[in-house]
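Please look through the sequence and the 3D structure shown here, and then work through the exercises that follow. Each task is followed by a solution that goes step by step.

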Amino acid sequence: MRTLAAEQDWIRSSPRARQAKSKARIQAYEALLAESQNRAPETAQIIIPPGPRLGDVVVVAEDLRKGYGNRLLIEDLSFRLPPGALVGVIGPNGAGKTTLVRMIAGSEQPDSGTLTVGETVQLGYVDQSRDSLKADATVWEEISQGEAEIDLGKRRMPSRAYVGAFNFKGGDQQKKVGQLSGGERNRVHLAKMLRSGANFLMLDEPTNDLDVDTLRALEEALTEFAGCALVISHDRWFLDRIATHIIAFEGDSRVVWFEGNYEDYEADRKRRLGTEADQPHRIKYKPLTR
């Protein structure tokens, strides 16, 4: 019988085991939701409180098409995101990843096709700008909103401990937000959004500038989260460990929906493209015709 550590090592090293783990997460969504509502918060880790139960329809795209200027970013993208999915969104800068997230959020509209967000979905969105933070507030004030305790599902956690889980210790909690580095602002924004009770998280480059401890805590929190998450990231190791599905912007306006983590996707891409998959090239777009 394998120890827990051996079991985790086996899952990381075995594509078959990773795929089985991903499918088990999707199939066991109801159990994950029930367990998360009763999980006691621990001061040493990030806890993402569960939002309302997701229905059968989370996000459904059918023949999605979107362009900017004279570039076609997305052509004929279709997918159905199941409850419990953790989706990694990958591709070069400028490919259209953030545009897809904004369409799901409703701030952008597709040129054609349909994008349906389920009625039970409550979105939590962390973008790259972090502009919504108050510069004159302290770290603790911005994250806690002045509350001594924070609701985490059916449990409560001291707000100082919650802020500390994002690696703001002691006096760091009294720093003014306007004086923070980019990585520190990233952590404040994450902490503030993750306590919102959303059941669908959209994170745009959440791992940028995170220290190792916070990165690992975020990874564990997402895998235990009783909801869906869509994560734009260039960190292939992070996506290897969390993703159940991949949306890949491959160039020539082609966007691929794939079931599996980043390593599984890469193996499939090389199978499909052969030697071309290993050739570095600048991303190209089809011209936009209206």
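**Exercise 1: a residue in a loop**

Leu-54 sits in the loop between helix H3 (29-37) and strand S1 (59-68), where helices (H or I, at least four residues) and strands (E, at least two) are DSSP runs numbered from the N terminus. The model is a predicted one, in which local features need pLDDT of at least 70 and side-chain atom pairs count only at pLDDT 80 or more, whereas totals for chains, interfaces and linings use all residues. Residues are numbered from 1 along each chain as its sequence is written, and side-chain values use heavy atoms, with hydrogens and water left out.

Task: Decide whether Leu-54 is buried or exposed.

Solution: Begin with the cut-offs, by which buried means under 20% relative accessible area, exposed over 50%, and partly exposed in between (1.4 Å probe, protein chains only). Leu-54 is buried, because its relative accessible area is 1%. As a further step, compare sequence with space: Leu-54 and Gln-122 are 68 residues apart in sequence, while their C-alpha atoms are 8.9 Å apart.

**Exercise 2: a glutamine and a threonine**

Task: Find where Gln-173 is located, and state which backbone oxygen lies 3.0 Å from a polar atom of its side chain.

Solution: First, Gln-173 belongs to the loop between helix H6 (159-164) and helix H7 (182-194). Next, Gln-173 counts as buried because its relative accessibility is 4%. The backbone oxygen in question is that of Arg-160. Finally, when neighbours within four places in sequence are left aside, the residues in contact (heavy atoms within 4.5 Å) with Gln-173 include Thr-138, Trp-140, Arg-160 and Phe-168.

Task: Treat Thr-114 likewise, and say which residues it is in contact with, leaving aside its neighbours within four places in sequence.

Solution: Thr-114 is placed in strand S4 (residues 112-117), and it counts as partly exposed because its relative accessibility is 38%. With those neighbours left aside, Thr-114 is in contact with Val-60, Ala-61, Glu-62 and Leu-64.

**Exercise 3: the nonpolar cores**

Task: State how many residues the largest nonpolar core has.

Solution: Start from the term itself: a nonpolar core is a set of buried Ala, Val, Leu, Ile, Met, Phe, Trp, Tyr and Cys residues joined through side-chain atoms within 4.5 Å. The largest one has 47 residues, and Ile-46, Tyr-162, Phe-166, Leu-194, Leu-201 and Leu-222 are those with the most contacts inside it. Apart from this core lies another, of 28 residues, among them Leu-73, Val-121, Phe-200 and Ile-232. In soluble globular proteins, nonpolar side chains tend to be buried together.

**Exercise 4: the open sheet**

Task: Explain why one side of strand S5 (123-126) and of strand S11 (254-259) is left without a neighbour in the sheet.

Solution: First read the order of this open sheet of six strands, which is S5-S8-S9-S3-S10-S11, with mixed pairing. Strands S5 and S11 stand at the edges, and each has a single partner strand, so one side of each lacks a neighbour in the sheet. Then turn to one pair, remembering that two strands pair if DSSP finds at least two bridges between them: strand S10 (residues 245-251) and S11 pair in the antiparallel sense over six bridges. Within this region, Ala-248 stands opposite Val-256 in S11.

Definitions and conventions:
Polar contact = N/O pair within 3.5 Å; in protein donor to acceptor, adjacent residues only side chain to side chain.
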